[in-house]
Amino acid sequence: HYGQEVFPLEAITAFRNVDRLVRDAQELKPKAVVVGDPALYGEVKSSLARSCIEVLAGPQGMLEAACRPADMVMSAIVGAAGLAPTLAALERGAMVALANKECVVAAGAIFRRAAQDSRGILLPVDSEHNAAFQLLNFEQSHAIEKVTLTASGGPFRVWSLERMASATPEQAVSHPNWSMGAKISVDSATLMNKGLELIEAHILFDLPPEKLDVVIHAQSLVHCLVAYADGSVLAHLSAPDMKTPIAHALAWPQRMVSPARRLDFTEFSQFTFEKPDLQRFPSLQLARACLQAGGAAPAAA
């Protein structure tokens with residue numbers, strides 16, 4: 001709930017964070033909650049004993065949550081664990097707000113086919129892909145020359161290869177612009193995350209590899225640039241705050257008020273853009289090679 005927007009909740013899920021799951025359930029009053037770790041079912045059930053909220057657990061519970069009659073499903077389960085429930089939601093024709101890139105990278109062709117068969121809708125929530133979705137004119141796809149995703153460069157943007165070799169886990173998860181979980185922070189620090197995003201953009205938007213690019217943009221204010229045949233380049237800008245793409249997905253095709261931080265351009269002296277060093281970030285080069293070889297989509301199929 002924010003401002004005049006109200007979204008009745010059918011179900012919410014968590015893996016092991018029982019305290020947060022129970023607290024959110026008591027505040028938001030969904031019809032059901034799911035805890036991913038079955039061993040924690042009793043703890044959640046006991047904590048919500050005085051409520052009418054149904055408690056489910058484990059992978060089957062996640063699937064049941066995805067199959068409940070909600071108009072929209074926000075998929076934010078990290079990694080391949082999010083694949084089955086997200087696909088189940090799409091197959092029943094739901095609008096799926098996708099914040100899990102691994103689903104598309106691992107099973108992109110299957111997801112696209114499921115959306116076509118069920119007439120479900122995939123809305124990207126990843127900040128770069130949500131930005132691209134807002135900028136792309138699909139009726140003028142022939143005029144799209146280049147879609148450029150931005151990367152902050154993470155904590156190792158100006159480090160030498162030798163210094164990176166001795167980096168600690170604590171340094172790897174210390175992202176300069178975003179507050180994220182450990183896995184995504186490490187993926188971002190190595191640009192593995194951006195390599196996955198290249199593959200995701202290729203599959204989501206049906207764009208050939210030569211029309212996809214990545215630049216380092218340390219300020220994390222420009223999230224995507226789309227160049228068109230007439231020389232125009234459209235850019236999407238917002239604060240590095242996931243509330244913006246989440247609000248866009250929740251309200252689509254309309255727009256809603258969100259509590260995201262607003263940009264004041266007088267606060268920024270410069271925007272910088274630079275090519276990524278593929279020697280220091282070989283994961284990005286590997287993703288490019290995969291796309292050029294045509295490996296991403298066939299492997300997903």
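Predicted model: local features only at pLDDT ≥ 70, side-chain atom pairs only at ≥ 80, totals over all residues.
**Stop 1: a pair of Phe rings**

The structure holds five aromatic pairs, and we will visit two of them. Begin by selecting Phe138 and Phe205 and showing their side chains. These rings form a tilted pair, with 6.2 Å from centre to centre and 35° between the planes.

Now colour the neighbouring elements. Which loops do the two residues lie in? Phe138 is in the loop between helix 6 (127-135) and strand 7 (144-151), while Phe205 is in the loop between helix 10 (192-204) and strand 8 (212-216), so the pair ties together parts that are 67 residues apart in sequence.

Is Phe205 buried or exposed? Phe205 is buried, because its relative accessible area is 10% and buried means under 20%. Phe138 has a relative accessible area of 43%, so this residue counts as partly exposed.

**Stop 2**

**Stop 3: another pair**

Move along to Phe268 and Phe271. How are their planes arranged? The pair is edge-to-face, with 65° between the planes and 6.1 Å from centre to centre. With the surface on, you can look at both residues: Phe268 is partly exposed at 25% relative accessible area, and Phe271 is also partly exposed, at 29%.

**Stop 4: a charge over a ring**

Finish by selecting Trp159 and Arg163. What lies over the face of Trp159? There you will find Arg163, at 3.7 Å from the ring centre.

Note on methods:
Residues numbered from 1 in each chain as written. Heavy atoms only, no water. Phe/Tyr/Trp six-rings, centres within 6.5 Å; stacked < 30°, edge-to-face > 60°. Helix = DSSP H or I, 4+ residues; strand = E, 2+ residues; numbered from the N terminus. Buried < 20%, exposed > 50% of the residue type's maximum accessible area, 1.4 Å probe, protein only. Lys NZ or Arg CZ within 6 Å of the ring centre and 35° of its normal.
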